[in-house]
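Open the structure in your viewer and keep the sequence panel beside it. This tour moves from stop to stop, saying what to select and what is there.

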Amino acid sequence: VKHNIFAIELCLRLLPDDRLRGRLKEIVVSHPSASTPGYKWELLRRAAELLLSGEEQFEKGCWDFFEDDDRARRDYDMWCNGMITEEGARKEPSGRPGQRDEEPRYMTFTISLLLKADSESARSLAEVCRIPEADLWKKATFVRILQGLSHVSFAAVKSDVFYLIPGDENWGLTAADLEDPKFEYLRPIVG
Amino acid sequence: MTSEDPRPPGYDFQQDVALDKPGIVGARWWHQGLLDEERKMSRRQMLVGLGVAGGAVAAVAAAGVGLAALFRPEKVRLERRRSLVMQQSYGWDFGARGVQLVFNGQAEGPFVRAELQRLPAVMAPVPGRNAPYYVATLVGSLLAQPTAALPDPEDGRPRPDGAPFRRLADVILPIVTPEMREAYRAGEALARLARGRADVAVVADMPGPQAVAFAAGAAEVLEPVLLLDNWPHPHGVVPSHLTLAALAYYQPRFASQKARGAAPPLFVLDRLRTAPYTEASDRFDNRYYARLPSLPSLAAGGVRTVLYVVASAAALPEPDDLNLVLAASTDDPPVSVSALAVTDFRSEKEEEPQGAVFFGGSPRREATFWPSRAPGALTADDFAPAPAGGRPPETKDHAFVPRRGAATVAPPDFGTVPVVVTASGLILSAALDRSGSMNRFAGGWSG
C-alpha cells in the first residue's frame, strides 16, 4: 500500500481574552479515543473552520503534500514526533498575552494526514495543493488549503494527528521561541 | 476486523497517543480497518510470491512448518518509543501485564480504596500561581485505562499483554516507612520556619515516598506541587508506584490541608527519576527529566528564596536536570538558592527520636536558620570555637554552580522502551525481554 502525506501547521498570534485557542483545544481533547470516519471528518472540518476564523492572526505557517511513499511515511513520523517528543512546547509558562510584558504570544496548530495513495481524497488534496511557487506562502493559499480539507474522506486516511501548542494559555510561545532553529520551517505568511 | 475485534462497528479509528499538558495538547489516531486491509494484502502478496496453493500448503504444514509463520505479513524491526506514550496507549504495565508490583512498608490501618478516585483532585493545586507548574502525570495514571490493544501474533500464540487489565487504582496499597516518617517530621519543622514567608519556594528532591512525606509534613504552610512526570511499571527503573503508594497514605492529610488555599510552593520531585540504568537489563525505562520552573519564572511570582531539600548531604550536588535551573544567575530580582537536608532536622533529645525535630537539633540552632541564609550574614555559630579540624561543611554551604554536560532536556533515548514494530508502524509488542519478545517475531525483523 502506497501513501501520500498532507500536513499543515499554522502559527497564530494569541490575543488577550481570545477564545480561539481554547476552542481548538476543546475539539482535540474531547474527540473520543475510538472514532468513526464521520466523526473524524467533523473534527477536521471544525479545526479548519476555527483556523479560518482566526485568519487575521496568521503569522507563520508551513504546509506539505507529497505523493512519494517513502517520504510520506518518513514525514508523517516526523510530524507525529513533533507532538510525541513535545519538541516545540515550552518547558515552563511564559504568561498570558499582556500579563507579564507587552511581547506577543503565539500558538501553533498542526494537522497531518497519512493518506492511502490513489484514493479520491488524496487526488482531491493533491489538486487543492497544486499551488504556483510564487503563492506558496500567501495567506490566500493557506485559506484555500484549509477550505479544501472538507474534501477529505477519512475512509482513505490511515492515520491522522492534531496538536496545539500551548495547551494552557499561560504557556504561549514567544517571539524568541519561534526564532529557535527547531521552528525554522515556519515561514512568514504574506498578503 | 475479526470476530474477536473489540471495536464497535464503524469505530475504525483508534487513538494511540494523547497529550494534554500545559505546553501542548494533541492526539493521533490510526484507521484500524485500513491497517487490517493492509495486513491481509501483504499475506496475499506473500502467498503469491511463494507460489503456495492447494497441495503446497498441505505439504508445508505436513513438514512441520506452522502456516501462520509463513503468513507473517511484514518485516518487523526494533524501535524505541516514549515509554509514557506506550503506557498511555497499552496500559501502565505495558509488556508486563499480570506482573505484581512490590510494596515495601505497607501501611496498617483503615484504607478506603474508593477514595483513591479523588487523589488527582486532592493533589491539584488550588487556582493560582502554582497551578501552571503542576505535573499531573503520575496521579493521572491511577485511573487510566488502555486505549489500544496489541495485535494477536500470527503464530497463534497468546497475545502479548493479553491478561486482564487492572487499573493502578485497583492495585496500589498505601505505604509508610521510617524514612517517610522522618521526612514528614522534617517537613513539619520546615513549615514552622516558612510560616509567614510568601517569598519562599521549596524543592523537595528525594526518593519519591520521602519527598511526598516531606510535603505532607509541610502541607499546612506550603502547597505541594507535584513534578512527577512518569507512570509506574512492574519493571520500572523508577519505582514510582511507591510514590503513588505514599500519596495514597497521606491523601487524607493533603485533603485536609487544602483549606489553607494558595500558599508558597513545595515542588515534589522523585530523586530516582534519573537513576542509572543498564539498557541490557529487562528494566522498563520510565525515567524523565524534571520540569522545574526557572528562577526568573519563580521570581516573577514573588519568590526570592529557593530551598533545595535532599534526604542527606550525601545527595548533593543536585542532578544534571536541575543544575542549570538552580545555578542560573538571577539579579533582577535576585533569587537565593540554598541546600538543606532532612538530616539537618534532628530531635533535641536523642532519647525521643520520634518527637519534634528542629533545624540543627535545637531551637537555638533553628533560630539561626534564616539569618545564616542571608548573604554575608554572620550568626552566633560563626563566633563559637571551631572544632578540631575546622567546621565540617554543611548543606547550606553547597554552591550551585553550572556544570559542563548538565542539560534541562533529556538525551533522546531517555525514558524510551524498545518495541517490535512492523514496517507499516503497527506495534506488535514491547521488547523488554529480548530473548522472549524478539524471538517471537524474529523471523522477519530487519535492522
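**Stop 1: a buried asparagine**

Select Asn286(B). This residue is buried, with a relative accessible area of 3%. Keep in mind throughout that the model is predicted.

Where does Asn286(B) lie in chain B? Asn286(B) sits in the loop that runs between strand 6 (265-270) and helix 10 (295-300). The cut-off for buried is under 20% relative accessible area, so Asn286(B), at 3%, falls in that class.

Now show the polar atoms of the Asn286(B) side chain. One of them lies 3.1 Å from the backbone oxygen of Trp231(B). The backbone nitrogen of Val237(B) is also 3.1 Å from a polar atom of this side chain.

Leave out neighbours within four places in sequence. The residues in contact are then Asn230(B), Trp231(B), Pro232(B), His233(B), Gly236(B), Val237(B), Val238(B) and Ser240(B).

**Stop 2**

As a reminder, strands of a sheet pair through backbone hydrogen bonds, either parallel or antiparallel.

Zoom in on strand 11 (residues 416-422) of chain B. How many bridges join strand 11 to strand 12? There are three, and the two strands run antiparallel. For one pairing, pick Val421(B): its bridge partner in strand 12 is Ile427(B).

**Stop 3: where chain B meets chain A**

Colour by chain and turn to the contact between the two. Chain B contributes 38 residues and chain A contributes 47 residues. About 3,500 Å² is buried between chain B and chain A, with carbon and sulfur atoms giving 61% of that area.

Pick out the charged pairs. Two salt bridges are counted between the chains. Select Lys21(B) and Glu86(A): their side chains meet in a salt bridge, at 2.7 Å from N to O. Polar contact between chain B and chain A is counted at 16 residue pairs.

Which elements of chain B each supply at least two residues of the side that touches chain A? Among them, strand 1 (13-20), strand 2 (25-31) and helix 1 (32-50) do. Strand 2 gives the most to that side, with seven residues.

**Stop 4: salt bridges within the chains**

Over all chains, a search of the whole structure finds 31 salt bridges.

Begin in chain B. Select Arg118(B) and Glu115(B), which form a salt bridge with the closest N and O atoms 3.2 Å apart. Arg118(B) is partly exposed, at 43% relative accessible area. Glu115(B) is partly exposed too, at 36%.

Move to chain A and select Glu42(A), Arg45(A), Arg46(A) and Glu49(A). Salt bridges that share partners join these four into one network. Focus on Arg45(A) and Glu49(A), whose closest N and O atoms are 2.7 Å apart in their salt bridge. Both lie in helix 2 (residues 37-53) of chain A, four residues apart, about one turn of the helix. Arg45(A) counts as partly exposed, at 26% relative accessibility. Glu49(A) also counts as partly exposed, at 36%.

Go on to helix 4 of chain A. Glu120(A) and Arg123(A) both lie there, three residues apart, about one turn of the helix. In their salt bridge, the closest N and O atoms are 3.5 Å apart. Is Glu120(A) buried or exposed? Glu120(A) is exposed, with a relative accessible area of 53%. Arg123(A) counts as partly exposed, at 45% relative accessibility.

**Stop 5: a loop in chain A**

Finish with Asp135(A). This residue lies in the loop between helix 4 (120-128) and helix 5 (139-148) of chain A. Asp135(A) is partly exposed, with a relative accessible area of 23%. Asp135(A) and Val190(A) are 55 residues apart in sequence and 9.1 Å apart in space.

Terms used
Residues numbered from 1 in each chain as written. Chains lettered and ligands numbered in written order. Predicted model: local features only at pLDDT ≥ 70, side-chain atom pairs only at ≥ 80, totals over all residues. Heavy atoms only, no water. Buried < 20%, exposed > 50% of the residue type's maximum accessible area, 1.4 Å probe, protein only. Pairing = 2+ DSSP bridges. Contact = heavy atoms within 4.5 Å. Buried area = accessible area lost by both parts, 1.4 Å probe. Polar contact = N/O pair within 3.5 Å; in protein donor to acceptor, adjacent residues only side chain to side chain.
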